[in-house]
Amino acid sequence: MDNQFVAWGRDRSTPQLIATTADSVLVQFATAGGVLVAVTTGGPHYLIFVISFEGGKDPSDGVGKLVLQAVTKSDVQIHVNQSRLRIEYKSLRGEPRQAEYPTRLEFGAR
């Protein structure tokens, strides 16, 4: 049975994004500002999904876009700071990979 990550925009009746995986276990999940990361597994691999909500005045007004879908056999590290969310993992060939996304988040802002 397939599982899905579905993103709706504000005041939308249909989803803007549907990402499907046959993986059965959610291993890691992180969200910061307009970026959502989900790491799933269903065997000897991990599948990484990164969804970014872009446009709009703030992330809740943005349109969900799948900006990364990757497979790895290594651990996945997720780092968040005031302005960026960074993911580190190795490709299936063992090459280091890194991806960064702006969060549109300001810690401490009121």
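Asp 23 is buried, yet it has no salt bridge. The nearest side chain of opposite charge belongs to Lys 73, and that is 13 Å away. Keep in mind that this is a predicted model. A salt bridge would need a Lys or Arg side-chain nitrogen within 4 Å of a carboxyl oxygen of Asp or Glu.

What does the side chain of Asp 23 make polar contacts with? One partner is the side chain of Thr 40, at 2.8 Å. Another is the side chain of His 45, at 3.0 Å. Now find Asp 23 in the chain. It sits in the loop between β2 (17-21) and β3 (25-32). Setting aside residues up to four places away in sequence, Asp 23 touches Asn 3, Thr 40, Thr 41, Gly 42, His 45 and Leu 47.

Leaving out neighbours within four places in sequence, Leu 92 is in contact with Val 71, Thr 72 and Lys 73. Leu 92 lies in the loop between β8 (84-90) and β9 (96-102). Is Leu 92 buried or exposed? It counts as exposed, because its relative accessibility is 55%. Ala 70 and Leu 92 are 22 residues apart along the chain, and their C-alpha atoms are separated by 9.5 Å.

Finally, turn to the surface. Val 6, Trp 8 and Ile 18 form a nonpolar patch there. Together they have about 290 Å² of accessible area. Val 6 belongs to strand β1 (residues 3-7). Its relative accessibility is 33%, so Val 6 counts as partly exposed.

Key
Residues numbered from 1 in each chain as written. Predicted model: local features only at pLDDT ≥ 70, side-chain atom pairs only at ≥ 80, totals over all residues. Heavy atoms only, no water. Patch = residues over 30% accessible without salt bridge, like charges linked within 9 Å, V, L, I, M, F, W, Y side chains within 5 Å. Areas by Shrake-Rupley, 256 points an atom, 1.4 Å probe, with all protein chains shown as cover. Helix = DSSP H or I, 4+ residues; strand = E, 2+ residues; numbered from the N terminus. Buried < 20%, exposed > 50% of the residue type's maximum accessible area, 1.4 Å probe, protein only. Lys, Arg positive; Asp, Glu negative; His and termini not counted. Polar contact = N/O pair within 3.5 Å; in protein donor to acceptor, adjacent residues only side chain to side chain. Contact = heavy atoms within 4.5 Å.
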